[in-house]
Amino acid sequence: MHRVVDAMNVIGSRPDGWWRDRAGAIERLVVRLDGWAIDTGERVTVVLEQPPRRALKAERVELAWAPRPERDAADREIVRRLDGWLGEDEVVVVTSDRDLAERVRSRGATVESAAAFRARLDY
């Protein structure tokens with residue numbers, strides 16, 4: 001299984017002050033996802049709206065980002081890459097964005113809500 005994570009959607013699912021340090025929130029998510037991916041053995045790709053400001057280190061998590069930072073850029077990047085990912089494995093997209101969820105479901109992916117996934121991730 002390949003889990004594709006809409007990073008800012010998952011980060012924004014909990015109002016924990018992430019907006020004061022967006023780069024730090026992304027880094028914390030990647031670290032948490034990396035540990036989760038190691039524990040579960042799942043393939044995980046985190047999709048960002050733009051390249052990270054700081055270098056992110058991940059042993060198992062793949063990092064991806066949109067070519068241009070724009071509104072919904074990560075969503076468009078997920079849709080752009082989805083067919084390739086589906087050709088390799090079953091894909092679960094983690095998002096609570098209704099439009100993105102509809103678009104990926106129509107192409108054959110499964111969707112898990114950002115809040116539900118974050119609750120499992122944070123256990």
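What follows is a short exchange on the labels and the values behind them.

Modeller: Two notes to begin. This is a predicted model, in which local features need pLDDT of at least 70, side-chain atom pairs count only at pLDDT 80 or more, and totals for chains, interfaces and linings use all residues. Residues are numbered from 1 along each chain as its sequence is written, and side-chain values use heavy atoms, with hydrogens and water left out.

Colleague: Why is Arg118 called buried?

Modeller: Buried means under 20% relative accessible area, exposed means over 50%, and partly exposed lies in between (1.4 Å probe, protein chains only). Arg118 has 11% relative accessibility, so it counts as buried.

Colleague: And what makes Asp72 partly exposed?

Modeller: Its relative accessibility is 34%, so Asp72 counts as partly exposed. Asp72 sits in the loop between β3 (62–65) and α3 (73–86). Helices (H or I, at least four residues) and strands (E, at least two) are DSSP runs, numbered from the N terminus. Asp72 also has a positive phi of about 65°, although it is not a glycine.

Colleague: Back to Arg118. What is it in contact with?

Modeller: Contact means heavy atoms within 4.5 Å. Leaving aside neighbours within four places in sequence, Arg118 is in contact with Val10, Ile11, Ser13, Arg14 and Asp16. The side chain of Arg118 reaches the backbone oxygen of Ile11 at 3.1 Å. A polar contact is a pair of N or O atoms within 3.5 Å; within protein, one must be able to donate a hydrogen and the other to accept it, and residues adjacent in sequence count only if both atoms are side-chain atoms.

Colleague: How do you know that the buried residues of α5 are on the same side?

Modeller: Those residues are Ala114, Phe117, Arg118 and Leu121. They cover an arc of only 100° around the axis, which puts them on the same side of α5. The arc is that of the directions from the helix axis to the C-beta atoms. The buried residues of α5 pack against β1 (2–6), α1, α2, β4 (91–94) and β5 (110–112).

Colleague: What makes a set of residues a nonpolar core?

Modeller: They must be buried Ala, Val, Leu, Ile, Met, Phe, Trp, Tyr or Cys, joined through side-chain atoms within 4.5 Å. The largest such core here has 22 residues, and Leu33 and Val44 touch the most other members. The largest share, 7 residues, comes from α2. Apart from this core lies another, of 15 residues, including Val91 and Leu100.

Colleague: Which residues does Leu33 touch?

Modeller: Not counting residues up to four places away in sequence, Leu33 touches Val5, Val44, Val46, Val61, Phe117 and Leu121.
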